[in-house]
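Subject: Structure for you to look at

Hello,

Here is the structure I said I would pass on. Please open it first, then read the notes below.

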Amino acid sequence: MMGFDALTLEILWSRLITIVDEMAAILVRTSFSTVVGAANDFGCEVMDAGGRSLAHATRSMPVFNRTLPNVTRAVLAKFGRAGLRPGDVFIANDPWLNAGHHPDLAVMTPFFRDGRLMGIAASIAHVTDLGGALDSNTVREAYEEGLLIPMTRLYDQGELNEDVIDFIAANIRVPEMTIGDIHAQVAANQAGGEKILALMEEYELAELAPLASEIQARSEAAMRQAIGAVPDGEYRSRVYMDELDRRLHIDCRIVVAGEELTVDFTGSSPQQPRGGINCTWVYSRGHTSYGLKCILLPEVPSNAGCYRPIHLVAPEGSILNARHPASVRMRTRTGWYIHHALFAALAQVLPERVMAAPGLLGGLIVYAAAQNGNKAFHSWFFNGAGWGPGRGATGSRPASTPAAPRTSRWNCSRSPSHWWSKRRSF
């Protein structure tokens, strides 16, 4: 640790969160789709020069917060720090690198000071369309699920790569919404990087790394303390899902040993041959680690340090670690049961902290054409589910029913994917 005094550290940490919240506001206000602008299905985050999470927007989807660092490190792995230049913007949607299915599109923007890489501002947006089959239940492999955008430059030193835009537009039904959302992501990232640099100038920070290291180290220490307060032992659960006329299951084994915690999903159902209900490992890791963070350390804003003492295992070829090119588009139908498994296992040792399983989100997607047949149209509608009760606290009704009094300390601030986390459970 570099020894920031407590007051300065709190100010800088809060300012970082404010900056990523501004990124989120820009993305929402400039987006073209209802998925981003109304359903808020997005994430915004700032990472250090090594691709390690520093701060993310309050309203970001939790799984995006955990997968953005992974896809950002993939940028660094492919191009190297020396290959990143001012004005570059990168784009990708590989489900095995990013957020688990094709429509979650990541845009990453490195920012520099005096020619030196300081960090990377990034966002994920669930775009309305990237092509592929309309009936996800019938698809058998990822190739049927839409356009795969490999890690590539969207902007090269400030110049838009029109070929990338043309390829995307040529493969989707309503390109205006998707292309518009991509540009909104670029705008949000640009603002985030500029505001971080302005903050560094204001506080005379020559590098971002010392601040990042201190925030991450303090968060890691807090998580280790939280894990250390849990009795050592092994806690197990099994949850079932009825998907595609089959009964599937997730086996969960949580091992607490001192200040380290391991979650092992060995024994879960194998990956499935159709229907998009398989999960990539980066997606499963995201849901698992963030769920544990909410249970163990809800008051500390999330960053890379929070997750260093947490270790995760799932056999390759299982439904939570599917091999390419498994179909993955509907992975929420499996992945959201990870929360249920965590709750059930930890209820044996932390009954006052967990909740009953939440409901699952429903979605309606409408594709149509104008009467003259020349213009396609589509719209999304999400129907939120309810949240389960916790010890001494009521749950919440589904969003489509009259609102219940929000008295539970576990109430979520926006959607079932935030589960029961408090507003400050970043």
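How many helices and strands does the secondary structure of the protein chain come to? The chain has nine helices and 13 strands. Helices (H or I, at least four residues) and strands (E, at least two) are DSSP runs, numbered from the N terminus.

Two remarks on how to read the rest. This is a predicted model, in which local features need pLDDT of at least 70 and side-chain atom pairs count only at pLDDT 80 or more, while totals for chains, interfaces and linings use all residues. Residues are numbered from 1 along each chain as its sequence is written, and side-chain values use heavy atoms, with hydrogens and water left out.

The whole chain

The C-alpha atoms of the protein chain fill a box of roughly 60 × 55 × 45 Å along the principal axes.

Of the 426 residues, 57% are buried. Buried means under 20% relative accessible area, exposed means over 50%, and partly exposed is in between (1.4 Å probe, protein chains only). The accessible surface comes to about 17,000 Å², and carbon and sulfur atoms account for 53% of that surface. Areas come from the Shrake-Rupley method with a 1.4 Å probe; for residues, only the protein chains shown count as cover.

A contact means heavy atoms within 4.5 Å. Among contacts between residues at least 6 apart in sequence, 68% join residues at least 24 apart.

The second largest pocket

Rolling a probe the size of a water molecule over the atoms shows where empty space is left. The second largest pocket holds about 320 Å³ of space. Of the 16 residues lining this pocket, R66, R73, R285, Y307 and I310 are the closest to its centre. A pocket is found on a 1 Å grid over the protein atoms alone, as an open set of points where a 1.4 Å probe fits, with protein on both sides within 12 Å along at least five of seven lines; lining residues have an atom within 4 Å of a point. Grid points are joined across faces, edges and corners, and the volume is the space filled by probe spheres set on the points.

At least two lining residues come from each of α3 (62-79), α7 (281-296) and β11 (310-313). By type, the lining has six nonpolar, five polar and five charged residues. Here Ala, Val, Leu, Ile, Met, Phe, Trp, Tyr, Cys and Pro count as nonpolar, Asp, Glu, Lys and Arg as charged, and the others, Gly among them, as polar.

Some buried residues

The contacts listed here leave out residues up to four places away in sequence.

S123 is in strand β5 (residues 116-126). Why does S123 count as buried? Its relative accessibility is 0%. S123 touches G43, C44, L68, L105, A106, V107, Q185 and N189. Its C-alpha atom is 8.9 Å from that of T109, 14 residues apart along the chain.

C306 sits in the loop between α7 and β11 and is also buried, at 0% relative accessibility. C306 touches S219, E220, M223, K293, V300 and P301.

S237 belongs to strand β8 (residues 233-243) and counts as buried at 14%. Among the residues S237 touches are I250, D251 and C252. The C-alpha atoms of S237 and V107, 130 residues apart along the chain, are separated by 37 Å.

Backbone details

N40 has a phi near 60°, a positive value in a residue other than glycine. N40 lies in the loop between α2 and β1 (42-48) and is buried, with a relative accessible area of 14%. Q157 has a positive phi as well, near 50°. Q157 is in the loop between β6 (152-156) and β7 (159-160), and at 48% relative accessibility this residue is partly exposed.

Which two residues does a cis peptide bond join? They are H324 and P325, with omega about 10°. P325 is in the loop between β11 and α8 (332-335).

Regards
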